[in-house]
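Here is a short briefing to read alongside the model. Have the viewer open, and let's walk through it together.

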Amino acid sequence: MFIFIIFLILGLAHECGVSPEASGSKPPPAAAAAAPPPSVRAAPQAGAKPRGAGTRAKSGEERRMEAAGLVNVKSYAPDIVVQLAYASANNILHTQLYSDFNEAYLQKDAARKLASAQRIVKSISPQLSLMVHDAVRPQRIQQRCWELARVRGLQHLFMPPKTISMHTYGVAVDVSLINLATGAELDMGSWPDNPGALAAPRRERELLRAGRLSRQQYTNRLLLRSAMQEAGFTPISNEWWHFEACSRKTAQRKYRPII
Ligand SMILES: [Zn+2]
């Protein structure tokens, strides 16, 4: 509750960014943290209402996801905002990787938890919403990411193809918070596609003390993290935007990777 009070006092700040997944455990070089974001995506229109699931024809990729047992998160949370980083070229790889796909698909258990997190966020402020930057990421897209990253010298930011990403199981989500009244994402102190030192939750207190993370940015992160954790997600230590709905062991036992 303390977090929320601070949050409401300080108000909502602005941030725009995109969010590819970095390696789950290996921090990138310090130079990556100092680099400016490679691209800035336009914020959604102020006051825009997110589109619900089922209001248009489904793409081939979406039908494939549903056949694999995944669900569109808007089926569980119609008011959630989705803007996938790889659905346009406005990402760290400057490449559109989802050709006919701009919806967030997850395993049902993960989608239910995300809907729960959205309800928690809405209970704090109706003008706030979760904003999904990536959800399921098929293995062939992960492979393509790796190949592009290698060409660009960015492979330290991506999981090697031999490791199945939790996104590929459909149980991981990259998410931020957006103020629907202004169309601006809340300021988290770093761009989601800049997984350097500033992105790491494990260093937040140290960054706060050093003045590299403001009290507002820190509070915004706590707000996101507390809502996601209360809904049953687990954060990771090096990316504030990445959350997992179950353990890797559970994912391997219950689900097959999406190819
Ligand atoms: Zn992620």
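This is a predicted model: local features need pLDDT of at least 70, side-chain atom pairs count only at pLDDT 80 or more; totals for chains, interfaces and linings use all residues.

Residues are numbered from 1 along each chain as its sequence is written.

**Overall fold**
- The protein chain contains eight helices and eight strands, taken as DSSP runs (H or I, at least four residues; E, at least two) numbered from the N terminus.

**Nonpolar core**
- In the largest nonpolar core, which has 64 residues, L106 and V132 touch the most other members; such a core is a set of buried Ala, Val, Leu, Ile, Met, Phe, Trp, Tyr and Cys residues joined through C-beta atoms within 7 Å.
- Helix α4 (108–124) gives this core its largest share, six residues.

**Helix α7**
- Helix α7 (residues 215–230) has 16 residues and reaches 22 Å from its first C-alpha to its last, close to the 22 Å expected at 1.5 Å a residue, where the expected span is 1.5 Å times one less than the number of residues.
- Its buried residues include Q217, R221 and L224.
- Just after α7, G232 has a positive phi of about 110 degrees.

**Residue H94**
- H94 sits in the loop between β2 (81–82) and β3 (105–106), and its phi is near 55 degrees, a positive value in a residue other than glycine.
- H94 counts as exposed because it has 11 C-beta neighbours inside 10 Å.

Note on methods
A residue is buried if 20 or more other C-beta atoms lie within 10 Å of its own, exposed if 12 or fewer, and partly exposed in between; C-beta atoms are placed from the backbone.
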